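Biologist: Hi! Could you walk me through this model in plain words?
Modeller: Happy to, here it is.

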Amino acid sequence: MNSTSDLAHTASKCSPLEKLSEEPEDDGIEHLIGKVHDTDCLELMRSMPTGSMSMVFADPPFNLNKKYTSYKDNLPFAQYMAWTEEWLTEACRILKPDGSLFVYNIPKLLTYTSAILNDLAEFRHWIAWNSNGQPLGKTLQPAHYGILFYTKNRNSKFYDVRAPHKTCRKCDAYLKDYGGKEYLRHEFGYQVSDVWDDIHRIRHRSKRIDSHPCQLPIHLIERMILMTTDEGDIVFDPFCGGGSAAVAAKQLGRRYIGADIDKGYCDAATERMTQAKPVKNRDAYVSIHLNKIVSMRDIDIKLRNKKNGRTKKTNA
Ligand SMILES: C[S@@+](CC[C@H](N)C(=O)[O-])C[C@H]1O[C@@H](n2cnc3c(N)ncnc32)[C@H](O)[C@@H]1O
């Protein structure tokens, strides 16, 4: 992180003078916070001050002719990419100097997206979210969606996140063997990598809000929020759909701004956000699914240990 080449890279993306002019300007966005806006996200972003968002999470339409209520998901490819470049440029502009951008899409479209983003921000990770797709014939079976993780600068906010150790469904034994060195096993869980295979897609219609065809699991987005933001930071979701990011932000005590061009989706997202409550386990915000902690920050586990007067092992 602090090697000479990394520092040189940072300098090319953001000089100290630029940094000063990018100081957060919280004025001018208060009226947007805590709401889902029934509007074109590009227009909304253009109205936002530079350097005002801690995190942007974007799950745009994939141009695969999905049946949205308002949006026609079948633009000519060149038009789709030109539009993508427009909103990505705005998304990077509104990020705080230590802010992060996540873009969720199918791998093919992410290769084009990444080419645009490499000129606008710092590449951090291509996260593969294992989603067990259907065989398509004459191709490898598509088994992941990609999540591009970029930051405005090299020195962005980042927290290690842990997930519970994987165990056998039948006998509950740990799947990873430490070769007799059990003491190496962390007391809560493993450090999350760039392959996420412990979070499942929402496949069943009954688990989705009415009419939205592609809702993401709340705990998928919570993992990104825990990794890159603190309590009170602002998360912006330009394509909020059914409002999974709105719920995730509220459950983790972050502030939220969302947009969707469909009024029905905005209303549904607002309703879900209103119902959501902060989720803490003792003093720490955690991501919970089916009554189990699925993501927790390493720093919070350490703080808890310190409070309990333990230096090494404890159950989270
Ligand atoms: C893939 S869905 C997002 C789903 C969402 N992440 C969820 O978990 O429910 C994309 C959404 O973008 C919306 N949309 C399309 N074009 C838009 C635009 N220009 N501005 C704002 N929203 C737009 C669509 O109406 C659709 O709800």
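This is a predicted model: local features need pLDDT of at least 70, side-chain atom pairs count only at pLDDT 80 or more; totals for chains, interfaces and linings use all residues.

Biologist: Which residues are closest to the ligand, and how many surround the ligand?
Modeller: The ligand is surrounded by 23 residues, and the closest are D59, F239, G241, G242 and S244. A residue is near a molecule if its C-beta atom, placed from the backbone, lies within 6 Å of it. Residues are numbered from 1 along each chain as its sequence is written.

Biologist: Which elements give two or more residues to that shell?
Modeller: Those are helix 3 (41-46) and strand 10 (255-260). Helices (H or I, at least four residues) and strands (E, at least two) are DSSP runs, numbered from the N terminus.

Biologist: How do the shell residues divide into nonpolar, polar and charged?
Modeller: The shell around the ligand has 13 nonpolar, six polar and four charged residues. Here Ala, Val, Leu, Ile, Met, Phe, Trp, Tyr, Cys and Pro count as nonpolar, Asp, Glu, Lys and Arg as charged, and the others, Gly among them, as polar.

Biologist: OK, helix 6 then. At what angle do helix 6 and helix 7 pack?
Modeller: Their angle is about 55°, and their axes are 8 Å apart. Axes are lines fitted to C-alpha atoms, for helices over the stretch in contact, and angles run from 0 to 180 degrees between N-to-C directions. Helix 6 and helix 7 are therefore oblique to each other. For reference, angles under 35 degrees count as roughly parallel, over 145 as roughly antiparallel, 65 to 115 as roughly perpendicular and the rest as oblique.

Biologist: Which residues meet there?
Modeller: From helix 6 there are I218, I221, E222 and I225, and they meet S244, A245, V247, A248, A249 and Q251 in helix 7. Two residues are in contact if their C-beta atoms, placed from the backbone, lie within 7 Å. By class, this contact has seven nonpolar, two polar and one charged residues.

Biologist: Why is helix 6 called largely enclosed?
Modeller: Eleven of the eleven residues of helix 6 (residues 218-228) are buried, so the rest of the structure largely encloses this helix.

Biologist: New topic! How do helix 4 and helix 5 pack?
Modeller: Helix 4 (residues 77-94) and helix 5 (residues 107-117) pack at about 45°, with axes 10 Å apart. They are therefore oblique to each other. The contact involves M81, T84, E85 and L88 of helix 4, together with Y112, T113, I116 and L117 of helix 5. Sorted by class, that gives five nonpolar, two polar and one charged residues.

Biologist: Where do N63 and R282 lie?
Modeller: N63 is in the loop between strand 2 (53-58) and helix 4, while R282 is in the loop between strand 11 (280-281) and strand 12 (284-285).

Biologist: Is N63 buried or exposed, and what about R282?
Modeller: N63 counts as buried, with 20 C-beta neighbours inside 10 Å. R282 is exposed, with 10 other C-beta atoms within 10 Å.

Biologist: What is S70 in contact with, leaving aside its neighbours within four places in sequence?
Modeller: S70 is in contact with I261 and D262. The C-alpha atoms of S70 and K263 are separated by 8.7 Å, though these residues are 193 residues apart along the chain.

Conventions. A residue is buried if 20 or more other C-beta atoms lie within 10 Å of its own, exposed if 12 or fewer, and partly exposed in between; C-beta atoms are placed from the backbone.
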